Amino acid sequence: MMLRIYVDNREKNSGIPEILKDMGISVIIEQLDVADYVLADGVAVERKSVSDLVNSVFDKRFFDQINRLTSAYETSFLLIEGNLNRIREITEKWKAINSALISIIVDYDVKVIYSSDKRDTAEVLVKLAEKFQEHGGKKRIINLHDKPKFESIKDIQLYVVESFPNIGEVNAKKLLEKFSTIRNICNASISDLERVLGSRKRAEELYKILITPYSPQSSNSNNKKSLMDFI
């Protein structure tokens, strides 16, 4: 079975996806919420050139990216591409870069790996994919649905409500504060939902999702029923 690697669409122009294809890898371009490459279920890689690494540390993006990466994936890699000696050429504060890398290794359990160029990066990604996708002699199905590490029921509740289309974090908090439980949200009327969401269209969309029976064999024509059919 061909190895499969999911690639964030922002990596399309890097040239690495084409190198992976030339190596016989099945490359699937997706818009990934977190990470640049997903190599197996729960295994992701964030790629940074040396200059991007330096810039991200000093403009405060670095730790936010690492936090989101490790929250979404069980096994996280930071792949640094290029000549590390350039760090000293780019900044006099090169020790801050070392400290940042030590911090993510110790505090976030991120595996830091290195490559010399794009070809080397592609070869590293393939080796990792081989190790993780064929671990234990069985292929591991890749699941792109990011699953954060939850610390409380409150976090789980927010995650569930945020997942509804056009809701997001702010509206999820409003809904839970108003209705208290997810069950109460499910039992709410369109008017009740509209009062919280401030949009009739958004309320109708959520209401339809909550009350429409699931049918694995439903056709497109069935999915186009008017909202009035469900009220």
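Q: Which helices do the buried residues of helix 8 pack against?
A: Heads-up: this is a predicted model, so local features need pLDDT of at least 70 and side-chain atom pairs pLDDT 80 or more, while totals for chains, interfaces and linings use all residues. Numbering runs from 1 along each chain as its sequence is written, and side-chain values use heavy atoms, leaving out hydrogens and water. Helices here are DSSP runs of H or I with at least four residues, and strands are E runs of at least two, numbered from the N terminus. Going by contacts (heavy atoms within 4.5 Å), the buried residues of helix 8 pack against helix 7 (153-162), helix 9 (182-187), helix 10 (190-197) and helix 11 (200-211).

Q: Within what arc do the buried residues of helix 8 fall?
A: Buried means under 20% relative accessible area, exposed over 50%, and partly exposed in between (1.4 Å probe, protein chains only). In helix 8, that makes Asn171, Ala172, Leu175, Leu176 and Phe179 buried. They line one face of the helix, because down its axis (taking directions from the axis to the C-beta atoms) they fall within an arc of 135°.

Q: How far apart are the end C-alpha atoms of helix 8?
A: The expected span is 1.5 Å times one less than the number of residues. For the 12 residues of helix 8 (168-179), that rule gives 16 Å. The model agrees, as the end C-alpha atoms are apart by 16 Å.

Q: What phi does serine 180 take?
A: Look just after helix 8, where serine 180 sits. Its phi is positive, at about 75°.

Q: What is the relative accessibility of lysine 60?
A: Lysine 60 sits in the loop between helix 2 (50-58) and helix 3 (62-72). Its phi is positive, about 75°, although it's not a glycine. Lysine 60 counts as exposed because its relative accessibility is 70%.

Q: What is the relative accessibility of asparagine 166?
A: You'll find asparagine 166 in the loop between helix 7 and helix 8. It isn't glycine either, yet its phi is positive, near 60°. Asparagine 166 counts as exposed, because its relative accessibility is 52%.

Q: What share of the residues in the chain is buried?
A: The chain's secondary structure comes to 12 helices and 6 strands. Out of 231 residues, the buried share is 38%.
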